[in-house]
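Please load the model in your viewer and keep the sequence panel open beside it. The tour below moves from one selection to the next and says what is found at each stop.

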Amino acid sequence: RGYASYDLVKMLNDARISFLMRVRRKFNTQIDVAKESDSIILLTDTKNESISVRVIKFTLDSGETEMLITNLFDKKFVENSFKELYFKRWPIETKYDELKNKLEIENFSGRTITSVKQDFYATMCLSNIASSLYWDAQKQVEYERRDKDNKYEYHVNVNHEIGVLKDKFIYVLINFDGEKRNKLLDAIVSQLSRKVVPFRPNRTVPRNKTPRNSKFHHNQKSNC
């Protein structure tokens, strides 16, 4: 967590915390020119203090060279070990995508501290509820497709789920009758289970090299 920098590497090293992080081209000239797939280089700061890091390079299916740095020097950890470990970050990345792009957590409806906090915590609450309902609906999807010979696994469509919750979950919150509230939740789960998308393994999405600085305009929330 956090962008790669000399200070971050030093902080983790001093705390004796093992790390593995991706670095971009031009982060360090020695890393860029290193031809070996597994090498040791020195990171140097403005005070000429240095830290040794292990550099792992490998080629992605897109042809792009992935560059990772780590303080795990034990040779029992080979290149494939780092590739496997680094790709485990993907569920975290998809969660960030959900929060930032689907739930628009950075799209605040006001400028005051109170309104920003309200929007932030309301969005995080909705995200947690969405995760819980997703797995309830996913169990239903798997049960209904248990005997079907599908080419792919099918998962609940998260985009559809977010839209449904934004429209309907408010009625769950304002209903104080426990039985009716449970029926509303069951109806939402049932609706979610009917909208699925195939899970295609090993599919890649190109990185956006020119992201927009600002995605949202103030007071223009798309679906409160």
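Begin by selecting I51, which is buried at a relative accessible area of 10%, where buried means under 20% relative accessible area, exposed over 50% and partly exposed in between, computed with a 1.4 Å probe on protein chains only. Note before going further that this is a predicted model, in which local features need pLDDT of at least 70 and side-chain atom pairs count only at pLDDT 80 or more, while totals for chains, interfaces and linings use all residues. Residues are numbered from 1 along each chain as its sequence is written, and side-chain values use heavy atoms, with hydrogens and water left out.

I51 belongs to strand β3, residues 50-59; helices (H or I, at least four residues) and strands (E, at least two) are DSSP runs numbered from the N terminus. Show the surroundings of I51 and, not counting residues up to four places away in sequence, you will find that I51 touches Y6, V9, K10, N13, I41, L42 and L43, contact meaning heavy atoms within 4.5 Å. Then draw a distance from the C-alpha atom of I51 to that of N71, 20 residues apart along the chain, and the separation is 9.5 Å.

Now zoom out to the whole protein, which has seven helices and six strands, running from the N terminus in the order α-β-α-β-β-β-α-α-α-β-α-α-β. Of its 224 residues, 28% count as buried, and of the contacts with a separation of 6 or more, 56% are between residues 24 or more positions apart.

Next select L103, L133, A137, V156, L165, I188 and L192, the residues with the most contacts inside the largest nonpolar core, which has 18 residues. A nonpolar core is here a set of buried Ala, Val, Leu, Ile, Met, Phe, Trp, Tyr and Cys residues joined through side-chain atoms within 4.5 Å. The elements giving two or more residues to this core are α5 (113-144), α6 and α7, with α5 giving the most, six residues. Apart from this core lies another, of 15 residues, among them V23, I41, L43 and V55.

Stay with V156, which, leaving aside its neighbours within four places in sequence, is in contact with Y134, A137, Q138, V141, L192, K195, V196 and V197. Step one residue on to N157, in the loop between β5 (153-156) and α6, whose contacts, with the neighbours within four places again left aside, are K195, V196 and V197. The C-alpha atoms of N157 and V196 are 4.9 Å from each other, although 39 residues separate them along the chain.

To see the contact itself, select H160, E161, V164, L165, K168, F169, Y171 and V172 of α6 together with R181, L184, L185, I188, Q191 and L192 of α7.

Within that selection, focus on H160, which is partly exposed with a relative accessible area of 21%. Leaving aside its neighbours within four places in sequence, H160 is in contact with Q191, L192 and K195, and its C-alpha atom is 9.6 Å from that of Q191, which is 31 residues apart from it in sequence.

The last stops concern backbone geometry. Most residues other than glycine have a negative phi. Select R16, in the loop between α1 (6-14) and β1 (20-22), where phi is near 55°, a positive value in a residue other than glycine; R16 is exposed, at 79% relative accessible area. Finish at K26, in the loop between β1 and α2 (29-33), where phi is also positive, near 80°, and where the relative accessibility of 66% counts as exposed.
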